[in-house]
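Dear colleague,

I am passing on the structure we spoke of, together with notes on helix packing and on pockets. Please look through the model first and then read the notes beside it.

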Amino acid sequence: PGLRDHAYLAAVGLLSFLGQLMLTRSLQLLLANVALSIGFTGVAYSYIWGVFVFGDAVSLYGVSGTVLVVMGVTLVTACQPRAGDSSKQDVEGDVVPHGSPRSDSSQRNS
């Protein structure tokens, strides 16, 4: 391997490190299911990158898998409570409507 190959390898390592650092930070700032589902879009990006940059063949499995991942990410992010919503999340992460028995922390036995 030449100097150019080593530079590519170093760039891949650095970009992978930065990507993991950003994913870890997003887990601190967002709900875990939202942050990780956004991370799953990497499957779609890698498939698209493979087709357009590396000339990989388009397959039914590849397209359908990419569509399923994008649909799943869309559903997870679209079903999250919005800011100002009257519901809130309990300790387990479930969305609890305001006024329900589980929404009052003083009624918990645990």
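This is a predicted model: local features need pLDDT of at least 70, side-chain atom pairs count only at pLDDT 80 or more; totals for chains, interfaces and linings use all residues.

Helix 1, residues 3-29, packs with helix 2, residues 32-39, at an angle of about 155°, the axes lying 8 Å apart. Because that angle is over 145 degrees, helix 1 and helix 2 are roughly antiparallel to each other, and their crossing is right-handed. Helix 1 brings Leu23, Ser26 and Leu27 to the contact, while helix 2 brings Ala32, Ala35 and Leu36; by class, the residues of this contact are five nonpolar, one polar and no charged.

Helix 2 also packs with helix 4, residues 60-78, at an angle of about 155° and with the axes 9 Å apart, and helix 2 and helix 4 are therefore roughly antiparallel to each other. The crossing of helix 2 and helix 4, however, is left-handed. Here the contact is formed by Asn33, Val34, Ser37 and Ile38 from helix 2 and by Val73, Val76 and Thr77 from helix 4, a set that divides into four nonpolar, three polar and no charged residues.

As for pockets, the largest pocket holds about 170 Å³ of space, and its lining consists of Leu15, Ser16, Leu18, Gly19, Gln20, Met22 and Leu23. That lining has four nonpolar, three polar and no charged residues.

With best regards

Note on methods:
Residues are numbered from 1 along each chain as its sequence is written. Side-chain values use heavy atoms; hydrogens and water are left out. On a 1 Å grid over the protein atoms alone, a cavity is a set of points where a 1.4 Å probe fits but cannot get out, and a pocket is an open set with protein on both sides within 12 Å along at least five of seven lines; lining residues have an atom within 4 Å of a point. Grid points are joined across faces, edges and corners, and a volume is the space filled by probe spheres set on the points. Ala, Val, Leu, Ile, Met, Phe, Trp, Tyr, Cys and Pro count as nonpolar, Asp, Glu, Lys and Arg as charged, and the others, Gly among them, as polar. Axes are lines fitted to C-alpha atoms, for helices over the stretch in contact, and angles run from 0 to 180 degrees between N-to-C directions. Helices (H or I, at least four residues) and strands (E, at least two) are DSSP runs, numbered from the N terminus. Angles under 35 degrees count as roughly parallel, over 145 as roughly antiparallel, 65 to 115 as roughly perpendicular and the rest as oblique. A crossing is left-handed if the near helix is turned anticlockwise from the far one by less than a right angle, and right-handed if clockwise. Contact means heavy atoms within 4.5 Å.
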